Amino acid sequence: MNKYKVGMVSLGCDKNRVDSELILGTINKFYEITNNAKEADIIIVNTCGFIESAKQESIDTILEMAEYKNKYNCKMLIATGCLTQRYGDELLELIPEIDILMGVNDYMKLHKLILDFIKTQRRVSSTSYTDEGINEGERILTTKTHTAYVRIAEGCNNFCTYCIIPKIRGKFRSRTKESILNEVKKLVDFGVKEIILIAQDLTNYGVDIYNKKNLHELIREISEVEGIEWIRLLYCYPEEITDELIEEIATNKKVVKYLDLPIQHISTKILRQMARKTNKDTIINKIELLRKKVPGIALRTSLIVGFPGETEEDFNELKEFLTDYKLENVGVFAYSQEEGTPAAKMDNQVEDDVKEQRKEILMQIQRKIVKEQNKLKIDNIYDTIIDGNNGEYYIGRNYEMSPEIDGIIFIKKNTNLKIGDIVKVKITDVMDYDLIGDVFNEFSK
C-alpha cells in the first residue's frame with residue numbers, strides 16, 4: 001500500500017517552527033512528506049494563538065485547508081499548536097472539518113491518533129498538561145539546510161500581564177546541555193552552519209536544572225562543535241543578561257554580535273503594569289553596556305503600543321527612546337486584549353485607532369533610523385551567509401540579520417556561490433531595509 005502523503009502548514013514563531021519540524025520527524029518513517037498541500041492526503045496546521053491577529057490567521061488557514069477536502073486529495077485535517085492548546089474542544093465544535101486536534105505536548109502520539117482515526121473515523125481531541133517535558137527528537141528541517149533553530153528551553157515563568165504563553169506552554173523548563181549538544185552535532189551532519197538559539201527567555205537557561213544561569217557555558221560548548229560557524233541569540237531579557245554572557249558574546253568568534261532584547265516598552269510605569277521585572281534605567285544601562293563591551297553589536301527589540309493606561313506622555317517617552325538609542329531592528333505591535341490575561345481586565349483600554357496610529361508613528365521613526373544607518377554601511381565589508389538567489393541576485397545575510405525578520409543583502413552574480421557559503425561582501429548601495437553588494441576578493445570560509 002502506498003504511504004499517505006502528509007503536508008504541513010506552520011504558523012507563528014520560530015519556536016512553533018521547531019515543533020513543526022519535530023512533528024514531521026516523528027512521522028517521517030510512516031508517511032511521505034510533501035510541501036504541496038494540494039497533493040497531501042493528510043494536512044497538519046500548526047497554529048499560533050498568541051495575539052488576536054495570529055489567532056485569526058490560524059483559523060483562516062484551518063478553514064482554507066478544510067476546503068482541500070473538497071477540492072483536492074485531503075482525507076484528514078489535523079490542527080495542533082498554541083491555538084488548539086488554548087481553546088481545545090471549542091475549536092472542534094467551531095470547525096467540524098478538523099478530524100484530529102492536538103495540543104503542544106502531544107506530537108509523539110500523532111501516528112497512533114492517525115491510525116485510530118483511519119480505523120474508526122471518529123474525531124479525536126488530545127491536549128495534555130503543558131508543564132511536563134519538552135518536545136525533543138528527530139527533526140525534518142524546514143529552514144535552509146545551513147541554518148537551524150535550536151530550542152534550549154520551553155515555557156515561561158515571567159507571567160507578563162499581557163501574555164498568555166505561560167498558560168499555553170507551561171512553566172519554564174530547560175533542556176540538558178547534553179541533549180542540546182547532541183542535537184547540534186546531528187544538525188551539523190545535515191550541513192547546518194548557523195545555529196539560532198531560541199526559548200521564551202534564553203537568559204534564564206539552566207536555573208531550573210543547574211541552579212544557575214548557564215547560557216554562557218552552553219554557548220561556549222556549542223561553539224566547540226566542529227562545523228558550527230555562527231551562533232545567534234534570540235529573546236534575551238535585558239535585566240537577566242549577566243556579565244559572563246556579555247563577555248562570551250564579546251570574545252567568542254562564533255557568536256554573531258547580534259542580540260534580541262524584547263523590552264516591550266520604556267516607560268517604567270507601563271513596564272510595571274506589564275509586570276516586567278525591569279525599568280527604564282535598567283534597560284538603558286544594559287544597552288549602553290552591551291554597546292561598550294561589544295562594539296558594533298546589532299540590537300533588535302519588540303515594542304507594544306497601546307497597552308492599557310498608556311498616555312501620550314508614556315508614548316512620547318517611547319518615541320524619544322527610539323530616536324535617541326537608534327536600535328538596529330525594531331518590531332512594533334499594537335496591544336492585543338487577550339482573554340485570560342490580567343491586562344485584558346485593566347481599566348483605561350486604549351482605542352484601536354489610537355494603537356494603530358501610535359504603531360505607524362514608531363515604524364516611521366524606525367524606517368528613518370534604518371535608512372540613515374544603512375547609508376553608513378556603504379563600502380563596508382561583511383562576512384555574509386548565502387541563503388539563496390532570485391535569478392538576478394544571490395540573497396545573503398550578515399551578522400546583523402536574523403532570517404526572515406530583518407533585512408537581506410542582494411549580491412551581484414559576478415562569481416559562483418553555493419547556498420550556505422560564507423563570503424566577504426562589500427556594500428555598494430542600499431534599499432531601505434536591505435543592502436546591495438559585491439563579493440569582495442575571495443571566500444572567507
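Tyr-149 stands opposite Ile-196 in strand β10. The structure is a predicted model, in which local features need pLDDT of at least 70, side-chain atom pairs count only at pLDDT 80 or more, and totals for chains, interfaces and linings use all residues. Residues are numbered from 1 along each chain as its sequence is written, and side-chain values use heavy atoms, without hydrogens and water.

Strand β10 covers residues 194–198. Strands (E, at least two residues) and helices (H or I, at least four) are DSSP runs, numbered from the N terminus. Strand β7 (residues 147–151) runs parallel to β10 and is joined to it by 5 bridges. Strands pair if DSSP finds at least two bridges between them. A further 4 bridges join β10 to β11 (residues 230–233), again in parallel. Here Ile-195 has Ile-231 of β11 as its bridge partner.

Burial means under 20% relative accessible area (1.4 Å probe, protein chains only). In β10, 5 of the 5 residues are buried, so the strand is largely enclosed by the rest of the structure. Glu-194, Ile-196 and Ile-198 point one way; Ile-195 and Leu-197 point the other way.

Helices α12 (residues 280–293) and α13 (residues 312–325) have axes that come within 13 Å and cross at roughly 10°. Axes are lines fitted to C-alpha atoms over the stretch in contact, with angles from 0 to 180 degrees between N-to-C directions. The two helices are therefore roughly parallel, a term for angles under 35 degrees. Contact (heavy atoms within 4.5 Å) involves Lys-280, Ile-284, Ile-287, Glu-288 and Arg-291 of α12 and Glu-317, Phe-321 and Tyr-325 of α13.

Methods: Buried means under 20% relative accessible area, exposed over 50%, partly exposed in between (1.4 Å probe, protein chains only). Angles under 35 degrees count as roughly parallel, over 145 as roughly antiparallel, 65 to 115 as roughly perpendicular and the rest as oblique.
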